[in-house]
Amino acid sequence: MKSKVVNFVAAVVFVAVGWFGNQVFGPKERPREVVSVADPAVAVGEVKTVEFNPVTEYVGHVEPIQETDILPQIEGYVKTVCFTEGAFVRAGDVLFEIDPEQYEASRKLRYSEVRSAEAKVTVALAEVDRAERYYKRLTSADDRGVTATERDTAETALASAKAALNAARAEVEQSKAAAAIADFNMKHTVVRSPISGRIGKALRHVGDYVSPSKTPLAQVVQIDPIRVVFPITDKDYGAWQAAAERGGRELKDSRRLRLRLADGSEYGQTGVIDFGNNKVDRETATVVMHVSFANAGGALLPDAFVRVLSDESHPPRLLTVPSGAIERTAKGVHVWLLQADGTVKAAEVEIGAAWNGMTVVAKGLEEGTKVVVAGGFKLRDGMKVNVVE
């Protein structure tokens, strides 16, 4: 019993000594620091009236305005090929020569037939003149000296002479028509390009027999100007028309059309709208536009694909706000206005299209108003802010 009491007293003393030592030598509790909350930092922009001209991109296909197969209009053997494959040719340039020998002979024959027919007309005219004089002499003579049979014979002879003259004249016309055909054939022994453009491979060569019903001799495509064809939605087409009417201009004068090439560079010429298709494609709800571009250097090749960049040639000036200022919530769209005392206030706005970091303001803001463009997620009405650059 005595040992238990001694142990209990020793334990109490040990605990007391430990507590005292902790109070004297142990770590001291530091007083809590008071942390001040700084004003939230925000970036600010300004509501401005700017030239608003968003760019829309379309995929376009390059095609020649004109392309033609070079076909012979007569048959014969190719005598000469007169061009370099792949070269630029002008309208009227000689491309092929067809052996003219048989056509030259035919032409001479036809013109000799014309001269023969004209000689027959001369003879027939003389016969008509003689028959007319004879007939007049008989009809003016005394009835007692001329029989009715003689007058009938003279009248018949005159009619026959006139018929022969008409036949001779018809023969002249017929022979002249044959001569004109001979001229046509002779002329087309030389095959010329009907358009200016770049010619491709020669499909027929010296010694080949050609005719209008056979394979073309070559093909020429117009290079300058050249056309880019691309579809736009019916909605975009309506917007283009509305912009043109708003500016009092025709559609072709209201759009600026540029090209981005396959290597990413921008083509150095702007295009002109030739026309849009006269109906909307029911399957795609698009209208196909045809735009011509100057192409003197031949950089645009038929069947190539390009990007078409479209914006307005006379863009409007619209009230805009930096797009970073726009906040969308379940209640609608608003921005934070910076007040003169350094506080902010939420303002409901109606907005339109966005482009180049700016959004069109339809309602709710005035030009020159300062708005928060960064840091607005942590703001509340009336909160003071710290504006940073």
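**Group meeting: contacts, cores and sheets in a predicted model**

Setting aside neighbours within four places in sequence, Arg-256 is in contact with Asn-53, Thr-270, Leu-309, Ser-310, Asp-311, Glu-312 and Ser-313; contact here means heavy atoms within 4.5 Å. Before I go on, this is a predicted model, in which local features need pLDDT of at least 70, side-chain atom pairs count only at pLDDT 80 or more, and totals for chains, interfaces and linings use all residues. Residues are numbered from 1 along each chain as its sequence is written, and side-chain values use heavy atoms, with hydrogens and water left out.

Back to Arg-256. This residue sits in strand S13, residues 255-260. Helices (H or I, at least four residues) and strands (E, at least two) are DSSP runs, numbered from the N terminus. Which residue does the side chain of Arg-256 join in a polar contact of 2.6 Å? The partner is Asp-311. A polar contact is a pair of N or O atoms within 3.5 Å; within protein, one must be able to donate a hydrogen and the other to accept it, and residues adjacent in sequence count only if both atoms are side-chain atoms. Arg-256 and Asp-311 are 55 residues apart in sequence, yet 5.3 Å apart in space, C-alpha to C-alpha.

Why is Arg-256 called partly exposed? Because its relative accessible area is 35%. Buried means under 20% relative accessible area, exposed over 50%, and partly exposed in between, with a 1.4 Å probe and protein chains only.

Now the whole protein. It has five helices and 24 strands. Of its 389 residues, 31% count as buried. Among contacts with a separation of 6 or more, 76% come from residues 24 or more positions apart.

Next, the cores. A nonpolar core is a set of buried Ala, Val, Leu, Ile, Met, Phe, Trp, Tyr and Cys residues joined through side-chain atoms within 4.5 Å. The largest one has 19 residues, and those with the most contacts inside it are Val-228, Phe-230, Trp-240, Leu-259, Met-289 and Leu-300. Two or more residues each come from strand S3 (56-64), strand S12 (226-233), S13, strand S15 (286-293) and strand S16 (305-312). Another core, of 17 residues, lies apart from it and includes Ile-98 and Val-210.

Aromatic residues come next. Rings of Phe, Tyr and Trp (its six-membered ring) pair if their centres lie within 6.5 Å; planes under 30 degrees apart count as stacked, over 60 as edge-to-face and the rest as tilted. Tyr-58, Phe-230 and Trp-240 form one aromatic cluster. The whole structure holds six aromatic pairs. Among them is the edge-to-face pair of Tyr-267 and Phe-293, at 6.3 Å centre to centre with 70° between the planes. Both Tyr-267 and Phe-293 are buried.

Finally, a sheet. Four strands form an open sheet in the order S4-S11-S9-S6, with antiparallel pairing. Two strands pair if DSSP finds at least two bridges between them. S9 is joined to strand S11, residues 218-221, by two bridges, and Val-220 in S11 is the bridge partner of Ile-199.

Val-220 is also among the residues that Ser-193 touches. Ser-193 is in the loop between strand S8 (190-192) and strand S9 (197-199). Is Ser-193 buried or exposed? Ser-193 is buried, because its relative accessible area is 3%. The side chain of Ser-193 reaches the backbone oxygen of Ile-195 at 2.5 Å.
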